[in-house]
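Subject: A structure for you to look at

Hi there,

Here is the structure I promised to pass on. Please open it first, and then read my notes below.

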2 protein chains.
Amino acid sequence: MSEIETADELQRREFEEALEVKSLRRIISAYLNYPEAAEEDVKRWERSLTKLPPHHKALLSHLPSKFQKLRWCITENSYFIFEMLKMFEPPLDMSQDVDIRENQHLDDVSGSHHFSRSRNLCLCESTSTSGGVDCHCLAEPSSKETCNGKYPAPFNKEQEVDDCKSLPNQDTLYASSCCNGKVSSSPPEWLDPSLQLHVPLVDVDKVRCIIRNIVRDWANEGQKERDQCYRPILEELERLFPNRSNENPPTCLVPGAGLGRLALEISCLGFASQGNEFSYYMMICSSFILNHTQAAGEWTIFPWIHSNCNSVSDNDQLRPVSVPDIHPASAGITEGFSMCGGDFVEVYSDPSQAGVWDAVVTCFFLDTAHNIVEYIEIISKVLKDGGVWINLGPLLYHFADMYSPEDEMSIDLSLEDVKRVALHYGFIFEKESTIETTYTTNLRSMMQNRYYAAFWTMRKKTKATL
Amino acid sequence: MSEIETADELQRREFEEALEVKSLRRIISAYLNYPEAAEEDVKRWERSLTKLPPHHKALLSHLPSKFQKLRWCITENSYFIFEMLKMFEPPLDMSQDVDIRENQHLDDVSGSHHFSRSRNLCLCESTSTSGGVDCHCLAEPSSKETCNGKYPAPFNKEQEVDDCKSLPNQDTLYASSCCNGKVSSSPPEWLDPSLQLHVPLVDVDKVRCIIRNIVRDWANEGQKERDQCYRPILEELERLFPNRSNENPPTCLVPGAGLGRLALEISCLGFASQGNEFSYYMMICSSFILNHTQAAGEWTIFPWIHSNCNSVSDNDQLRPVSVPDIHPASAGITEGFSMCGGDFVEVYSDPSQAGVWDAVVTCFFLDTAHNIVEYIEIISKVLKDGGVWINLGPLLYHFADMYSPEDEMSIDLSLEDVKRVALHYGFIFEKESTIETTYTTNLRSMMQNRYYAAFWTMRKKTKATL
């Protein structure tokens, strides 16, 4: 009987891993598809231009040169993406044959980008202090010889874009060189183009969303947003933990860590900080920036080229952004900093996680839940008695408007209800306010989404007060 | 030869009319589908709730009653929509058989909501002063006996919603009565449910967008947005035309007039004002409010019920809004006020329109163009020498991200380029600034789109200065 159970479990695990490989292949395909999808847009814009009557076209004679500049920017972004992918070490055997039949409910998850369990995405041994969770962590600069060591010259003059106009159209990630002289080393096998899958538009958007997130977390341009969102959280942590010691730093969990900047800042403040992130899109990128950055400003990307809308000028759209704004390995982290890939509910509902954290920080995270009540229940469980929960964010429930044939569960509570549920799970309000902020916004755009984010500090009651 | 041409022209016109009937049927279907689509959402939310484990469900015991309140609000909104549709007089023979073959390129336009030519949507004779354009106009209150004369009591207490909880689920527009005692008269034949078409999600969104536009244009809640967008325009018109006479009022064209409030306000300021609007969704609603309103606050709608996201409280989501905030027929319009249904390019590129307008006002309009250069060219043409163009809006090009199999043309210029094109067409800048504003925003939402709209006054050079 026990043997049968083990066989069942094994089969289940193999199935889940196969799903994860499939989902990871899809994400890698989406990244690899970046130049092609971006080029498609430029071609569409060119086709529109050709449809104009001659007397209108004559007024827009500068547009062909703008399109060539856009192509150059796409090549630069693609180069960054490809270098990032090359540094990624899949935590799974990507060469395995994935043969999943329909009756195994693959469809339920084929669109997701999930981890079948929490994953070690680390180049070095994990230094996590939390126990029981495999995590990837901030490494010292890798000693591997790569072209990353050759820092491109700063690029910020339109003239320099112009210089590239006469280059052949480089719309493949596999270009072995590009016009600023950077040289790529050879890619791993799982990046072989023959393994590429069809990439739906929604995945194209996800890659562009990551590029905007890089600005938010790792560029000078993102400083304003970080001051709006991260600074109040960091100030609150400082206030709440005034006597931190490096020997025994307080522990802080950051679910929905995205590209890792907030978790890093918390670490630098003197906490044993762990970021948790569900999305492989995010983890591939945060791992690259945290573990493989050789110097601040190592990369130049062009985050705003994908839309012509709401631009005051073409130069705004074409402006370069240097990343990262800091060298993460020199930022002064506290021991125990780690990034943990996996679903928050699966990883942190594990009994080993109960009562181990001094603080939980959620920033633009709560509304990623299928079931926000479950999130709150787990946040309460993983906190020590008397531990604090700092939250900042709106309630734009990610699964609220999913019209998939099979319903995505989404429990879309009002802010009032969310707070009521928190009280039920043993929290006491310490502070509450509203913070006006943007999220991955183009600061020069004529349209900007504004959030009136709920910001609170709650404390988990000690047993004595329960 | 001439006879053959006439036959060709006739065939072409019949084809275009058939397209328009088809597109109008689709729009009416979308309106009729409103209660069904809204009910589908509530059912989805209910299904999510049933999936919760019992100890979570127990914390959300108020949600079933919220869902019943939502259903009551849907019924009220549906009642408003159905009364609106009943008052609509289609400018076409809706009973005609529409048989359009694929090779006639129906697909090119089947998703649009276009007029085959400018349309008289009027209950009375047009009083347009501009000549050559059939328009619908503001009528005195209709003498027809309808249930509209029975004003529902103001509704704004949650308790009153509660009173309806035990009502049977009224999810059809054809209910002959609803809980506040309003009685519908019988609907015209073209509203027969058997003529209803399949309604794609994008059309469901358009109906909800109209409901938000009603708040913007015709509710007290919209006053803040109108103060941001319309007031600067009205003040500018007052400044530019200080000596207006009622005998010979200056003429003002308002392309993209939406639900007509700005065009009405301009009329009340002492201009012979004409709104132009392409969308039947908009025209059906503006015609109802302008021509059939019997008193301010005649209707109560619930504009914010369609999303649970970013709500501070359920009461915010369920709050009623009285419309319209004014009685249009008593607003003090100037003779010559009219609303013209049709495509701006088709209607106003007609030679009869050249040099007839003292002012053109475009508010959130320029970016609706397939070809913004053409818009600017026509605005210049229809203005008298020395006439003024006031513009306010962002550049969120409507056709920019259409990934239809057959390209939608979209010329997405930066603001700099738009201004350069305007100079080419004989405009001189008089004033320019940026105005921060929202558009159909829920003022109590935790997420609000913010525009940094370009606001300018340009003057068309007189022949002497050209």
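Where in chain B is B:Pro324 found? B:Pro324 sits in the loop between strand E4 (321–323) and strand E5 (338–341) of chain B. Helices (H or I, at least four residues) and strands (E, at least two) are DSSP runs, numbered from the N terminus.

Some background before we go on. This is a predicted model, in which local features need pLDDT of at least 70 and side-chain atom pairs count only at pLDDT 80 or more, while totals for chains, interfaces and linings use all residues. Residues are numbered from 1 along each chain as its sequence is written, chains are lettered from A and ligands numbered from 1 in the order in which they are written, and side-chain values use heavy atoms, leaving out hydrogens and water.

Now the peptide bonds. B:Val323 and B:Pro324 are joined by a cis peptide bond, with omega about -15°. In chain A, the bond from A:Val323 to A:Pro324 is cis, with omega near -15°. A:Pro324 lies in the loop between strand E4 (321–323) and strand E5 (338–341) of chain A.

Next, two residues with positive phi. A:Asn310 is not a glycine, yet its phi is near 55°. You will find A:Asn310 in the loop between strand E3 (299–301) and helix H10 (314–317) of chain A. A:Asn310 counts as buried, at 3% relative accessibility (buried means under 20% relative accessible area, with a 1.4 Å probe and protein chains only).

B:Phe364, also not a glycine, has a positive phi of about 50°. Its place is the loop between strand E6 (357–363) and helix H12 (372–382) of chain B. B:Phe364 counts as buried because its relative accessibility is 13%.

Happy exploring!

Note on methods:
Buried < 20%, exposed > 50% of the residue type's maximum accessible area, 1.4 Å probe, protein only.
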